[in-house]
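Thanks for coming, everyone. Let me put the chain on the screen, and then we will walk through it piece by piece.

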Amino acid sequence: MDVTLRPFEDDDVPRLRRWLAADHVRPWFEQPDDWMAEVEGRHGEYAWISHFVIEVDGAPGGFCQSYPFSASGEDWNGAQPVEGTYSLDYLVGEPTLLRRGIARAALSLLLERIAAEPGAERVIVQPDRENAASRGLLRALGFAYDEADDLFVMAL
């Protein structure tokens, strides 16, 4: 399977809305309207977020994004410095693509993009405690779990 990332486009909006409503995605993306507002505002208010469609053999299969933590206004970074820190989010939207290595391949590509950003030193991610699949994937990719701050961190 050929997994690639391409920039999110206007035509992807309905597809992402459908993916966010899917039974296997909904528990982990509890505020779908917030996610939709971000992608719809990607050329304005949310231009600091890099949004991508995960393509599998040329067809849309999922979504991912990365962003400099300092631009987010979020405060869940614990002991990790804000400067030089990035975060990411992802989902495999098509149920037929689950457990086929798509997320691992997509995140590897996304991590390469983040590592190429000037000043990027680390990536932090805070999946839901109940999301065993995501937590296992992050460990498999080389993220370390910081129990004190309840987040995963990878030095770049």
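Of the 156 residues of the protein chain, 49% count as buried. Buried means under 20% relative accessible area, exposed means over 50%, and partly exposed is in between, with a 1.4 Å probe and protein chains only. This is a predicted model: local features need pLDDT of at least 70, side-chain atom pairs count only at pLDDT 80 or more, and totals for chains, interfaces and linings use all residues. Residues are numbered from 1 along each chain as its sequence is written, and side-chain values use heavy atoms, with hydrogens and water left out.

Now the overall dimensions. Along its principal axes, the C-alpha trace spans about 35 × 35 × 30 Å. How does the radius of gyration agree with that of a compact globule? With 156 residues, a compact globule would have a radius near 15 Å, and the protein chain has 15 Å, so the two agree. That radius is taken over C-alpha atoms, and the globule rule is 2.2 Å times the number of residues to the power 0.38.

Next, contacts along the chain. Contact means heavy atoms within 4.5 Å. Take the contacts between residues at least 6 apart in sequence: 61% of them join residues at least 24 apart.

On to secondary structure. The chain has 5 helices and 7 strands. Helices (H or I, at least four residues) and strands (E, at least two) are DSSP runs, numbered from the N terminus. Along the sequence the pattern reads β-α-α-β-β-α-β-α-β-α-β-β.

Look at the helix pairs. Start with α1, residues 13-21, and α2, residues 32-40. Their axes come within 10 Å and cross at roughly 160°. Axes are lines fitted to C-alpha atoms, for helices over the stretch in contact, and angles run from 0 to 180 degrees between N-to-C directions. So α1 and α2 are roughly antiparallel to each other. The cut-offs: under 35 degrees is roughly parallel, over 145 roughly antiparallel, 65 to 115 roughly perpendicular, and the rest oblique. The crossing of α1 and α2 is right-handed. A crossing is right-handed if the near helix is turned clockwise from the far one by less than a right angle, and left-handed if anticlockwise.

Which residues of α1 and α2 meet? From α1 come Val 13, Leu 16, Arg 17 and Leu 20; from α2 come Pro 32, Trp 35, Met 36, Val 39 and Glu 40. That contact divides into 7 nonpolar residues, no polar and 2 charged. Here Ala, Val, Leu, Ile, Met, Phe, Trp, Tyr, Cys and Pro count as nonpolar, Asp, Glu, Lys and Arg as charged, and the others, Gly among them, as polar.

The other pair is α4, residues 102-115, with α5, residues 132-140. They pack at about 50°, axes 11 Å apart. That makes α4 oblique to α5. This crossing of α4 and α5 is right-handed. Ala 103, Arg 104 and Leu 107 of α4 make the contact with Leu 137, Leu 138 and Ala 140 of α5.

Now some single residues. Ile 124 lies in strand β5, residues 122-125. Is Ile 124 buried or exposed? Its relative accessibility is 0%, so Ile 124 counts as buried. Beyond its neighbours within four places in sequence, Ile 124 contacts residues including Phe 69, Trp 76, Tyr 86, Leu 88, Leu 151 and Phe 152.

Pro 7 sits in strand β1, residues 3-7. At 51% relative accessibility, Pro 7 counts as exposed. Leaving out residues up to four places away, Pro 7 touches Asp 12, His 51 and Phe 52. Pro 7 and Gln 65 are 58 residues apart along the chain, yet their C-alpha atoms are separated by 9.6 Å.

Val 82 is in the loop between α3 (69-72) and β4 (85-92). With a relative accessible area of 33%, Val 82 is partly exposed.

Last, backbone angles. Most residues other than glycine have a negative phi. Asp 57 has a positive phi of about 50° although it is not a glycine. Asp 57 lies in the loop between β2 (50-56) and β3 (59-68), and at 53% relative accessibility Asp 57 counts as exposed. Asp 150 also has a positive phi of about 50°. Asp 150 lies in the loop between β6 (144-146) and β7 (151-155). At 16% relative accessibility, Asp 150 counts as buried.
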